[in-house]
Every structure is written in C-alpha cells, then in structure tokens.
Amino acid sequence: MKLDKAVGLVREAEEGLAKTLATLGGRHATEHDVYHMSHALAERCREHLAKLTPFAEDLGASLPDSEAGTSPGGAADTLRRMASTVLGRSEATGMMLVIDLRDAYLMAQRAEISWVILLQAAKAARQANLEQVATSCREEAEGTAKWLRTHLKTSSPQVFATD
C-alpha cells in the first residue's frame with residue numbers, strides 16, 4: 001500500500017508549518033497575539049504529528065522529527081526576542097510581519113491539502129481510524145490557515161495604507 005507516501009506528505013507539511021509558526025512567534029514577540037497564537041498553533045502541529053505516529057509506524061513511513069516546531073531556544077531565541085523588542089512596531093517590522101504571515105499561510109495551506117490527500121487515500125484504502133484522524137486534523141489545519149488569513153487581512157491595511 002502507498003499510504004506511507006501520503007503520510008510522509010503530511011509529516012513534511014506539518015513539520016514545516018510547526019517550524020514556520022515557531023519562527024513567526026519568535027520574530028514578532030512584541031505582537032502578543034501573534035506570539036501566543038503562533039506558538040499554540042505550532043503545538044497543535046506537534047499534536048497532529050503525534051496522532052499520525054502510530055499510522056506511520058504501521059505503514060513503515062518515516063517518523064516525524066521530535067524537534068519539529070520547537071523554538072530554537074538558547075542564544076538565537078534570545079537574540080530574536082531582543083531584536084523584536086528593540087525594533088518594536090515600525091514600518092519595517094510591519095512589512096516583515098505581513099511577509100511572515102503570508103509565508104506561514106502558504107505553509108498552512110500546504111498542510112491542509114496534504115491532510116486532504118491523506119484523507120482521500122485513507123477512504124480508498126478503507127482505513128477508518130486513519131480517516132477519522134485525517135478528518136479532524138484537516139479541519140484544525142484549515143482553522144490555522146483561517147487565523148493566518150484573518151491576521152493578514154487586519155495587518156495589511158495598517159502596513160500598506162498608512163503614511
């Protein structure tokens with residue numbers, strides 16, 4: 001069965017999204033809602049990976065990176081927070097926020113469509129348990145994309161329409 005390939009697509013997408021969200025939160029520590037939500041959403045990605053692990057093991061798919069989406073910690077994390085605090089909210093940081101939100105949104109779309117692919121493969125293979133996990137995780141991935149898109153909608157006018 002080729003379900004292991006579909007599991008691999010989801011694993012890669014969720015790991016990438018978790019790392020992107022952790023970076024987003026670290027870069028924009030002065031934006032408290034972005035900081036807290038991006039870290040909470042990165043944790044959700046790690047939960048998705050944990051739910052996928054038993055299926056990956058059964059199918060012989062590669063297992064997720066246990067460090068996916070964790071903040072880098074140490075000097076790099078401290079430096080990122082300090083830079084965010086020093087720069088505060090400026091035109092440059094506003095533009096960087098929009099770009100980072102856009103990149104995270106695209107990663108969230110990748111994760112959501114990867115869950116769709118896995119869901120369809122699970123249906124075709126009549127794997128009811130995997131189908132249930134894929135359904136719930138796809139819905140949560142869609143919610144992540146919606147949050148990012150909404151934040152883009154509110155941030156973009158502030159960056160591009162103000163003098």
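Where is the place of H151? Select H151: its place is in helix α5. Helices here are DSSP runs (H or I, at least four residues), and strands are E runs of at least two, numbered from the N terminus. This is a predicted model: local features need pLDDT of at least 70 and side-chain atom pairs pLDDT 80 or more, while totals for chains, interfaces and linings use all residues. Residues are numbered from 1 along each chain as its sequence is written, and side-chain values use heavy atoms, without hydrogens and water.

**Stop 1: H151**

Is H151 buried or exposed? H151 counts as buried because its relative accessibility is 10%. Buried means under 20% relative accessible area, exposed over 50%, partly exposed in between (1.4 Å probe, protein chains only). Now show its partners. Beyond neighbours within four places in sequence, H151 is in contact with D33, V34 and L101. Contact means heavy atoms within 4.5 Å.

**Stop 2: α2 against α5**

Select residues 32-59 (α2) and 128-160 (α5). The two helices pack at about 165°, with axes 11 Å apart. Axes are lines fitted to C-alpha atoms, for helices over the stretch in contact, and angles run from 0 to 180 degrees between N-to-C directions. That angle makes α2 roughly antiparallel to α5, a term for angles over 145 degrees.

Colour the contact next. From α2, take D33, V34, M37, L41, R44, H48, K51, L52 and F55. From α5, take N129, L130, V133, S136, C137, E140, A141, T144, W147 and H151. By class, this contact has 10 nonpolar, 5 polar and 4 charged residues. Ala, Val, Leu, Ile, Met, Phe, Trp, Tyr, Cys and Pro count as nonpolar, Asp, Glu, Lys and Arg as charged, and the others, Gly among them, as polar.

**Stop 3: the cores**

Select L17, L21, L24, L101 and L148. They have the most contacts inside the largest nonpolar core, which has 21 residues. Such a core is a set of buried Ala, Val, Leu, Ile, Met, Phe, Trp, Tyr and Cys residues joined through side-chain atoms within 4.5 Å. Helices α1 (3-27), α2, α4 (91-124) and α5 each supply at least two of its residues. The largest share, 7 residues, comes from α4.

**Last stop: the whole chain**

Zoom out. The protein has 5 helices and 0 strands. Buried residues make up 42% of its 163 residues.

Technical notes
Angles under 35 degrees count as roughly parallel, over 145 as roughly antiparallel, 65 to 115 as roughly perpendicular and the rest as oblique.
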